[in-house]
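This report takes up a helix pair and some backbone features.

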Amino acid sequence: MALRTRRRHAAVALTALAVCAAAPLGVPVGVGDAQPLYRDARADPDERTRDLLRRMTLDEKIGQMAQIAVVRLQGDCHESGGELSRACLKSVLDDHAVGSVLSGGGMGPPRNTPGDWARMVNGVQKYALDHSRLRVPVLYGVDAVHGHNNVLGATVFPHQIGLAAAWDPTLVRAVADTTARAVAATGMDWNFTPVADLARDRRWGRYYETFGEDPLLAGALAAAAVRGTESAAGAKKVASTVKHLGGYSEPANGHDRVPADVSPRYLQDTLLAPYRTAIHAGAKTVMVNSGALNGVPATASRHLLTTVLRRQWGFTGVTVSDWQDVRALWTKYKVAADYPHAIALAVNAGVDMAMEPYEVREFTEGLRGAVRAGLVSRERIDEAAGRVLRLKFDLGLFERPFVDAERANTEIVGTGRELARRAATASQVLLRNEKHHGKNVLPIGPSARRIVVAGALADDIVDQAGGWTVGWHRVPAGVKLEGTTVLEGIKAAAPDGTRVVHAGNTAQAAREARTADVTVVVVGEKAAAEGEADSPRPELAADQQALVSALRASGRPVVVVVIAGRPLVLGEAAGTDGLLMSWLPGTEGGHAIADVLFGKVNPRGRLPVSWPRRTGNEPLYYQQLPGTNAGAESAHDVAYDFGDGLSYTTYRFDSIALAASSVPAGREVGVTVKVSNTGARDGDLVVPVYVSRPVSDVLAPPRKLVAFARIHLKAGQSDTVRLTVPPSALAVTPGDLDGAGTPRVEQGAYVFTAGERTATLDVTPGEPAGNARP
């Protein structure tokens, strides 16, 4: 979701809206009770929805299809922020019966505490209920994309790209569960996460919001996030949002929200795959891509939002547009002559709710006019509004519309820190660990009595947390984010008697490095979000390269720690003794990085993306299709490959075996992989299984991830991992250039690989079509 303007605080104090506890709505009623059916919590949700719809006016139904930003309910009713204003609340919730409110990045209460957030949301909800003829509650949405990141005091987790490096669905689910609990504690019930877009182009500003470049890995982790959010324990439920459907992450020139042109086969088999997996995990809502695909804005694509999402995938939840995207069909894309026609285009395509953060009157009046003009049917209005109401019933909003604001601080402040540290530690990817005087530079041992820490990011919690933290792009100036920087983490972890020297500039760092046992230099990029985070040349800044070069000239060991939302071409900073990719590790990142540097934790992260050798080769991903390439770097030419990552121990893949040497097309494949820890330390090993095709009807990549697992092995231990490969992981869309067929598993040979071990499967005739569906 995009936020187009930064929040401004009110210049004068405004009268606060009084908020008091209200009795729960929807208390179960007896058979002879006169209460309407929709108020009976025991009744079937579909019946409750139908009963409520038949009682609503057209305007009330249209209001359910609109979402507005909370800044329109505060202060001067524009973007001043401040206390909730009765006049503003009336114009939105009373006059237009708006069904949903959201807090974009930086849009919160005047005082940023969990308790104040809860009081603000309760205030919005109370006004909505008190002024709704049928006492219909509102949905309240937020982008809690790495913890409840808008709320000061909440623990900030690593961004999705870092979690992807852990290759651990169980960890992702735990983070989503903890986040959902925090969101619920502030009264919100709709979280705009997970991102199921693929990381394919490092220039794109939202690269770090993804779960990596591989559709199977990204889909598995997005599904885990959905399950963690939807099943989070607690009295209040929270809905997840799979976004941004679909193909958002491969804009034509690498810039955010630039249209994409992709082949139908690539779209269906690769780009849409992780969304499908996440939706099948039980997501209640989907957010639509702001961009255009193959000449059609996603918000206006009936094929995407109805044919694929509803009919093929069976999705029954709510679809919401992204920030002002329905209006953009008229103002930006020019596919509609005016706003009412743009609204009709989006609603008929399949959009149930329009995120219109700043102006709701034009939307509600425009949709009403479109209905009266016959552009949108009343049946479609009932369908869209009914889905929104059904979501509210599913979330228990009619029974539990409020939270106890007095408990919010206790339930949020300080909670999740241990999990955040564990998540940040699991995301660390060790890519280089050279020997110095016959010994690996990492982990840093007790003999290192003098450690120099350099680099502008070494003591910078703002860039360590990344975008979407308290504010939209970053932590706002003047706001203190509690957490542990890399410098603080190293100081806390260093053995007694070890001196840690912080060098603040290049000259001092170069001088101090000459007598250091090891220098740790922390480099990376500045925190930003969306378009501001676009990077046409994603490489380490020249001054940071120069700093690393100066440190290497000392002849002493140098370890580079990269804090960034994407792999950066290192240039002069490449080739140091140690290289640790730390991503955007959040508020506990300093401890996590130190735990790996000093060997308290054995590094377990593996790259979820490809790391380029040089700038200019975009998009970049390991599943690049084969061709008659002749130019240098025209193939998948990387410094570090997808799945790479070192450990402080060593592993061996002993064997791979298949449950059967042949299976009919459309059947799952059983795989067993035997692995061993051949080193002297316990550790976690990622066991990926890839498949390749000696011959295929359509182009197949040299390798494709079809299953993975993580296993803990004690020093010297061997174990066998059992995996199942679903037919969807082997499927491709057959046919010619049009790519119009149904995905299916081709007949023929499939070579399965784990480490250096291989096994061959023969796929025989099976189901003729549609056999790829999960």
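The text below treats the helix contact, then the backbone.

The model is predicted: local features need pLDDT of at least 70, side-chain atom pairs count only at pLDDT 80 or more, and totals for chains, interfaces and linings use all residues. Residues are numbered from 1 along each chain as its sequence is written, and side-chain values use heavy atoms, without hydrogens and water.

Helices (H or I, at least four residues) and strands (E, at least two) are DSSP runs numbered from the N terminus. The axes of helix α7 (residues 215–230) and helix α9 (residues 273–280) come within 8 Å and cross at roughly 25°; axes are lines fitted to C-alpha atoms, for helices over the stretch in contact, with angles from 0 to 180 degrees between N-to-C directions. Angles under 35 degrees count as roughly parallel, and α7 and α9 are therefore roughly parallel to each other. On the α7 side the contact (heavy atoms within 4.5 Å) includes Pro215, Ala218 and Val226, and on the α9 side Ala273, Pro274, Thr277 and Ala278.

| Feature | Site | Angle |
|---|---|---|
| cis peptide bond | threonine 193 and proline 194 | omega about 15° |
| cis peptide bond | glutamate 618 and proline 619 | omega about -5° |
| positive phi | alanine 97 | phi about 50° |
| positive phi | valine 470 | phi about 65° |

Proline 194 lies in the loop between β4 (190–191) and α7. Proline 619 sits in the loop between β19 (611–612) and β20 (638–640). Alanine 97 belongs to the loop between α3 (86–94) and β2 (100–103), and valine 470 to the loop between α17 (461–465) and α18 (486–493).

Methods. Parallel < 35°, antiparallel > 145°, perpendicular 65-115°, else oblique.
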